[in-house]
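Dear colleague,

I am passing on the structure below, and after it you will find a short account of what came out of looking through it. Please read the account with the coordinates open beside you.

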Amino acid sequence: TTAVTTVYTPKLPIELNSASIEELKWLPGIGETTAIKIIVYAQQSGFYSVDDLLKVSGIGKTKLDALRPYVYVRSEEHT
């Protein structure tokens, strides 16, 4: 018998303020540590735009550009 591996694929794009660790870890270049940092940022400050990912330690411009097609923020309006 052949073992069947189920590949986890989240519903895209992923909303940053409500994302789970599993969803975030699916993103390119995001491991568990960075996923947790994103969730903490979402809870403490909240994401107002995808660019707010730059405020999360471990995410720079290159990584942000790689993530951009997969993520969004429900309300893109700035306060």
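In which loop is R68 found? R68 lies in the loop between α3 and β2, the latter covering residues 71-72. Before going further with this residue, please keep in mind that the model is a predicted one.

With a relative accessible area of 35%, R68 is partly exposed, since that value falls between the 20% below which a residue counts as buried and the 50% above which it counts as exposed. Leaving out residues up to four places away in sequence, R68 touches V50 and D51. The C-alpha atoms of R68 and V50 are 7.1 Å apart, although 18 residues separate the two along the chain. With D51 there is a polar contact from side chain to side chain, at 2.9 Å.

As for the chain as a whole, its secondary structure consists of three helices and two strands, which follow one another along the sequence in the pattern β-α-α-α-β. Of the 79 residues in the chain, 34% are buried, and the chain exposes about 5,200 Å², of which carbon and sulfur atoms supply 54%. When contacts between residues at least 6 apart in sequence are considered, 46% of them join residues that are at least 24 apart.

The helix I looked at in detail is α2, which runs over residues 32-44 and has 13 residues. From its first C-alpha to its last, α2 reaches 18 Å, close to the 18 Å expected at 1.5 Å a residue. Which residues of α2 are buried? They are T34, A35, I38, I39, Y41 and A42, and because they cover an arc of only 160 degrees around the axis, they sit on the same side of α2. The buried residues of α2 pack against α1, that is, residues 21-26, whereas the face turned away from the buried side carries the exposed residues T33, Q43 and Q44. Just after α2, G46 takes a positive phi of about 85 degrees.

The largest nonpolar core has 20 residues, and those touching the most other members are L16, L24, I30, I38, F47, L53 and I59. Both α2 and α3 (61-67) supply at least two residues each to this core, and α2 gives the most, with five residues. Taking L16 from that group, and leaving aside its neighbours within four places in sequence, one finds it in contact with L24, I38, A42, F47, V50, L53, V71, Y72 and V73.

One of those partners, Y72, has its place in strand β2. Is Y72 buried, partly exposed or exposed? Its relative accessibility is 29%, so Y72 counts as partly exposed. Apart from neighbours within four places in sequence, Y72 is in contact with P13, I14, E15, L16 and V50. The C-alpha atoms of Y72 and E15 are separated by 5.1 Å, while the two residues are 57 apart along the chain.

With best regards

Key: Residues are numbered from 1 along each chain as its sequence is written. This is a predicted model: local features need pLDDT of at least 70, side-chain atom pairs count only at pLDDT 80 or more; totals for chains, interfaces and linings use all residues. Side-chain values use heavy atoms; hydrogens and water are left out. Helices (H or I, at least four residues) and strands (E, at least two) are DSSP runs, numbered from the N terminus. The expected span of a helix is 1.5 Å times one less than its number of residues. Buried means under 20% relative accessible area, exposed over 50%, partly exposed in between (1.4 Å probe, protein chains only). The arc is that of the directions from the helix axis to the C-beta atoms. Contact means heavy atoms within 4.5 Å. A nonpolar core is a set of buried Ala, Val, Leu, Ile, Met, Phe, Trp, Tyr and Cys residues joined through side-chain atoms within 4.5 Å. A polar contact is a pair of N or O atoms within 3.5 Å; within protein, one must be able to donate a hydrogen and the other to accept it, and residues adjacent in sequence count only if both atoms are side-chain atoms. Accessible areas come from the Shrake-Rupley method with a 1.4 Å probe; for residues, only the protein chains shown count as cover.
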